[in-house]
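Student: Can we go through this one together? I'd like to begin with the surface and then look at the inside.

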Amino acid sequence: MVIVLAGFLGSGKTTLLNHLLHRSGGSRIGAIVNDFGAIEIDALAVAGALGDSTVSLGNGCLCCAVDASELDVYLERLARPSAGIDVIVIEASGLAEPEELVRMLLASEHPGIVYGGLVEVVDAAEFDDTRVKHPEIDRHLSLADLVVVNKLDRVADAPRVLGLVRSLTDRAAVVPATYGRIDPEFLFDCRPNEERVGQLTFDDLHEPDHDHAAHLHTAYDSLSHASDVPVDPRRLMAFLDSRPEGLYRIKGYVDFGAHDPRNRYAVHAVGRFLRFYPEPWADGDIRLTQLVLIGTGLDMAALGKELEACADGDAPPADDERGMWGVLRYVQEPEREAEFEVEFEVEVEVESGPESDLGLAD
């Protein structure tokens with residue numbers, strides 16, 4: 001069975017996939033990860049959990065980079081009996097057209113491939129703004145078999161957002177989530193109704209894509225930055241604090257060198273939201289900074305030069321304890337996250353009693 005995992009930039013697809021990988025209940029999962037950028041940050045994040053069960057496709061959108069026969073080649077790697085995989089998840093780039101991916105899967109000639117449904121991930125905090133900028137998001141939701149409304153801990157009016165999303169779907173299950181944490185049963189049991197085939201008619205599925213220019217990714221550019229020179233935290237924060245509005249998504253890993261020799265920092269930015277996550281360096285790691293920037297209407301060359309200017313040529317003074325302060329302001333303590341999540345889960349539980357229509361009992 002092959003499931004398409006889609007959603008706009010920064011909605012939390014990789015976070016959700018990693019959650020499922022660690023709570024698969026014995027199901028063996030393979031993944032095809034499609035990054036929009038030359039440095040495959042999402043694939044790196046997933047590969048640690050899957051190893052050889054990951055196929056990575058970078059620097060473009062899968063819906064336009066390959067055709068159905070080429071997709072079959074990638075699926076073959078994971079679907080062969082010796083791989084022992086039960087479910088394959090295609091994590092689309094944040095700018096892919098899910099309709100095209102569904103069409104390719106249904107056109108697959110691989111005898112072992114069964115289409116298992118479209119899962120659309122929504123960033124609740126950015127949903128209103130995303131719909132204004134990209135009205136086609138409504139169509140993506142109408143095609144979905146399962147919708148995960150993620151990051152509900154970041155909105156004050158969760159019931160309104162859930163109700164709005166539900167109004168845009170066509171009988172799809174709508175599941176609230178924080179940090180991409182959903183019951184794996186929602187995803188693995190997400191089989192589309194045979195008559196509606198993922199909300200696309202038979203004619204739709206055999207119609208050629210006549211409007212490639214309308215795809216989301218045609219309006220977006222990406223910049224990939226990699227360097228083995230440590231980054232100065234003050235310079236990086238000055239860059240991030242002044243980032244232009246069109247720079248919608250930043251993801252990757254930062255090496256702050258002597259400012260924190262023990263950890264690398266995963267960075268995650270969506271719109272104006274910014275968070276750093278320190279992770280201990282493993283023995284033998286090649287210490288690199290790897291970042292992907294995605295946006296629209298930007299001078300990517302100028303942004304690249306600004307990132308290069310963030311390099312830290314000198315080690316910090318021994319008594320300089322303030323260099324990392326700007327970064328640490330955006331590190332959320334695990335205890336606070338857990339406490340916040342418990343509070344939110346209690347709130348949802350109270351609101352989602354026997355008469356509720358939150359979709360949790362579907």
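Student: What does the accessible surface of the protein come to?
Tutor: About 16900 Å², and carbon and sulfur atoms hold 49% of that. Accessible areas come from the Shrake-Rupley method with a 1.4 Å probe; for residues, only the protein chains shown count as cover. This is a predicted model: local features need pLDDT of at least 70, side-chain atom pairs count only at pLDDT 80 or more, and totals for chains, interfaces and linings use all residues. Residues are numbered from 1 along each chain as its sequence is written, and side-chain values use heavy atoms, with hydrogens and water left out.

Student: How much of the protein is buried?
Tutor: Of the 362 residues, 54% are buried. Buried means under 20% relative accessible area, exposed over 50%, and partly exposed in between (1.4 Å probe, protein chains only).

Student: And the secondary structure, what does that come to?
Tutor: 14 helices and twelve strands. Helices (H or I, at least four residues) and strands (E, at least two) are DSSP runs, numbered from the N terminus.

Student: Which residues have the most contacts inside the largest nonpolar core?
Tutor: Leu75, Leu105, Leu118, Phe127, Val147, Val149 and Val165, in a core of 43 residues. Helix α8 gives the most to this core, five residues. A nonpolar core is a set of buried Ala, Val, Leu, Ile, Met, Phe, Trp, Tyr and Cys residues joined through side-chain atoms within 4.5 Å.

Student: What does Val165 touch?
Tutor: Leaving out residues up to four places away in sequence, Val165 touches Val122, Phe127, Val147, Val149 and Val174. Contact means heavy atoms within 4.5 Å.

Student: Where is Arg166, and is it buried or partly exposed?
Tutor: Arg166 sits in helix α8, residues 158-168. Arg166 is partly exposed, at a relative accessible area of 22%.

Student: Switching to α12. Which of its residues are buried?
Tutor: In α12 (residues 300-308), Met300, Leu303, Gly304 and Leu307 are buried. Down the helix axis these buried residues fall within an arc of 105°, so they line one face of α12. The arc is that of the directions from the helix axis to the C-beta atoms.

Student: What is on the other side?
Tutor: Ala301, Lys305 and Glu308 are exposed there.

Student: And what covers the buried residues of α12?
Tutor: The cover includes β8 (221-227), α11 (233-241) and β12 (289-295).
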